[in-house]
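Subject: Structure handover

Hi,

Here is the structure I promised to pass on. My notes follow below it.

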Amino acid sequence: MRKADVLIIGSGVAALQLAKNIQDRMNVMIITKSRMKSSNSYLAQGGIAAALSPDDSPGLHMRDTIIAGEGLQEEGKVMSFVEDGKRAVEALLSAGMTFDPKLGMEGAHSKKRIVHSGGDQTGRFLIDFLISSLSENVKVIEGEMAYHLLKDRNGRIAGVRTKDEAGVIHTYTGDHIVLASGGVGGIYASTSNHPSVTGTGIAMAFLAGAVVGDMEFIQFHPTLMISGGRTKGLISEAVRGEGGVLVREDGRALMESIHPLKDLAPRHVVAEAIYRERLGGGNVYLDITGIRNFPTRFPSITARCEKEGFPIERGRIPVAPGCHFIMGGVVVDDVGRTNLDGLYAIGEAACTGVHGANRLASNSLLEGIVYGQRLADHLKEALPSKTAPLAHAPITGTPGQLPDRTMLKKRMMEEAGIIRSKEGLQRLMQWLGGFGLTYESKMDDLDVEDMEDYLIWVVSRLIGTASLLREESRGGHIRRDHPKKRPAWDKKSIHMKIQTGRLKVSVYESVETKIHA
């Protein structure tokens with residue numbers, strides 16, 4: 001059994017920002033089920049949103065964030081987030097992180113405020129910088145999947161159980177356990193996410209008793225390259241910010257009459273427009289003929305186009321929407337504390353409330369660096385924990401029949417995807433309920449793939465439950481049978497937790513979760 005002061009599950013920007021800023025005070029261990037650079041953060045083509053230019057302000061950034069989130073957020077919380085974000089980006093600059101000189105424009109932003117690095121390789125450059133900043137005080141465990149949070153005899157979250165690629169179970173303990181395990185994109189058939197991003201951290205926290213919220217709000221990025229009927233990677237929103245135009249097969253502009261911001265409308269608006277066009281049998285392309293020096297500005301997209309047989313000289317990239325980001329997750333306070341003593345969540349695994357019903361473009365990397373910094377500041381000032389010996393936890397038993405992952409991803413895309421309905425969601429929930437699985441199943445005897453399949457089943461049930469309950473269309477949540485926003489759902493969030501082995505669902509006017517950690 002190995003112990004650390006701070007045990008971090010996940011290796012994206014939030015995890016690394018936290019580790020970087022506490023490593024001089026605490027022993028840190030990072031556990032990742034794949035490899036350090038196998039994360040959405042590393043794949044991120046877009047940049048970091050921050051009000052850095054003289055004609056911009058945190059107030060304008062806050063306004064744009066709230067508009068994109070359909071007003072579900074608290075203004076004070078969002079204002080604090082964007083103000084801290086500006087300081088966090090400036091701190092990265094001071095620490096030696098290099099950014100491109102030109103600020104970019106992306107959808108639903110009122111100003112050019114997107115900071116990029118390496119053109120369309122911001123995530124890669126940022127992750128490499130953060131990794132290079134780590135000392136020997138940060139130990140990294142790769143290739144082990146965390147699947148079960150452990151409590152001490154006082155009920156405090158004090159450790160985690162993992163299984164490695166050879167099937168060996170390991171136990172780690174820590175004074176502070178941090179989930180930075182990312183989102184859920186890998187449970188959808190069409191996604192921009194790394195395949196390893198399957199919501200396992202959210203499921204693990206839920207099974208331990210953590211409150212999760214806003215699970216119905218899934219953002220579908222409008223422009224994933226599509227080839228042979230399959231998505232082949234993200235085409236950054238920055239391409240439209242530089243002048244790319246979405247067009248139909250005959251060259252007519254798709255967004256001309258749909259939204260005043262046209263191609264830079266909020267993501268859910270653009271994604272729905274593309275989805276409906278394709279549903280009617282039409283193809284949609286991103287026309288890039290108006291962008292000068294495209295290969296220099298977008299080197300990774302250029303390489304992907306060439307690889308997939310779409311040379312940029314043609315001036316058109318075929319696109320379709322795919323799952324990109326979840327606004328929900330484990331409910332936390334302003335520094336990442338959950339309702340479970342000893343457990344924290346940061347990054348996309350957390351439901352911070354700053355995104356509302358839809359995330360503003362390039363606020364995701366920003367969220368990672370802000371909450372990584374906030375939690376670091378909190379932990380450095382926290383009183384020493386009073387961790388007791390671990391409680392006995394059984395290590396035998398299996399959950400029974402598991403869903404086929406390919407079929408599950410297909411059904412999630414069809415019935416809990418871009419446009420949903422009561423009938424489709426009920427079909428999904430009936431199918432998920434047909435496996436005889438419970439929230440009290442033990443996973444220790446399963447292989448790693450089956451463990452992940454069980455946790456994916458848990459996450460899928462949470463998304464389906466919340467999606468069925470919210471009978472309105474708002475932000476990323478679009479219901480065919482309830483096509484408009486309903487005032488009755490203003491400022492309301494759907495929270496879920498386990499109570500005596502059963503799912504308890506509550507609707508809150510605001511976050512009312514008691515914070516212990």
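Where in the chain is K491 placed? K491 sits in the loop between α14 and β18. Bear in mind throughout that this is a predicted model. The phi of K491 is near 60°, a positive value in a residue that is not glycine. Most residues other than glycine have a negative phi. K491 is partly exposed, because its relative accessibility is 37%.

A108 is another non-glycine residue with a positive phi, about 70°. A108 is in the loop between α4 and β4. A108 has 14% relative accessibility, so A108 counts as buried.

**Cores and α14**

The largest nonpolar core holds 71 residues. The residues with the most contacts inside this core are L149, V160, I187, Y188, M215, L343 and I463. Helix α14 supplies the largest share of this core, with 10 residues. A second, separate core has 46 residues, among them V6, M36, V82 and L126. In soluble globular proteins, nonpolar side chains tend to be buried together.

Helix α14 covers residues 448–469, 22 residues in total. From first C-alpha to last, α14 reaches 32 Å, close to the 32 Å expected at 1.5 Å a residue. Of the 22 residues in α14, 17 are buried, and the helix is mostly covered.

Y188 deserves a look. Leaving aside neighbours within four places in sequence, Y188 touches I218, F220, C323, K409, M412, M413, A416, G417, R420 and I463.

**Salt bridges**

How many salt bridges does a search of the whole structure find? The search finds 35.

Start with D56 and R113. Their side chains meet in a salt bridge at 2.8 Å, N to O. D56 lies in the loop between β3 (48–49) and α3 (58–68), and R113 in the loop between α4 (75–95) and β4 (114–115), so the pair ties together parts 57 residues apart in sequence. Both D56 and R113 are buried.

Next, E216 and R470. Their closest N and O atoms are 2.6 Å apart in a salt bridge. This pair links distant parts of the chain, 254 residues apart. E216 is in the loop between β9 (212–213) and β10 (218–227). R470 is in the loop between α14 and β18 (493–499). E216 is at 0% relative accessibility, so E216 counts as buried. R470 is also at 0%, so R470 counts as buried. The pair belongs to a network of salt bridges that links E216, R470, E472, R474 and D490.

Last, D250 and R252. Their salt bridge has its closest N and O atoms 2.7 Å apart. D250 is exposed, because its relative accessible area is 53% and the cut-off for exposed is over 50%. R252 is at 47%, so R252 counts as partly exposed.

**A buried charge without a partner**

Does E348 lie buried or exposed? E348 is buried, yet has no salt bridge. The nearest side chain of opposite charge is R359, 6.7 Å away. A salt bridge needs a nitrogen and an oxygen within 4 Å. The side chain of E348 does reach the backbone nitrogen of I326, at 2.9 Å.

E348 is placed in the loop between β16 (343–345) and β17 (350–351). Its contacts beyond four places in sequence are N40, G182, G183, V184, H324, F325, I326 and G328.

G342 is in the loop between β15 (329–331) and β16. G342 has a relative accessible area of 0%, so G342 is buried. The C-alpha atoms of G342 and K386 are separated by 9.7 Å, and the two residues are 44 residues apart along the chain.

Q17 lies in helix α1 (residues 13–22). Q17 is buried, because its relative accessible area is 3%. Neighbours within four places aside, Q17 is in contact with L92, L130, G368, I369, G372 and Q373.

Best wishes

Technical notes. Residues numbered from 1 in each chain as written. Predicted model: local features only at pLDDT ≥ 70, side-chain atom pairs only at ≥ 80, totals over all residues. Heavy atoms only, no water. Helix = DSSP H or I, 4+ residues; strand = E, 2+ residues; numbered from the N terminus. Buried < 20%, exposed > 50% of the residue type's maximum accessible area, 1.4 Å probe, protein only. Lys, Arg positive; Asp, Glu negative; His and termini not counted. Polar contact = N/O pair within 3.5 Å; in protein donor to acceptor, adjacent residues only side chain to side chain. Contact = heavy atoms within 4.5 Å. Expected span 1.5 Å × (residues − 1). Core = buried A, V, L, I, M, F, W, Y, C linked by side-chain atoms within 4.5 Å.
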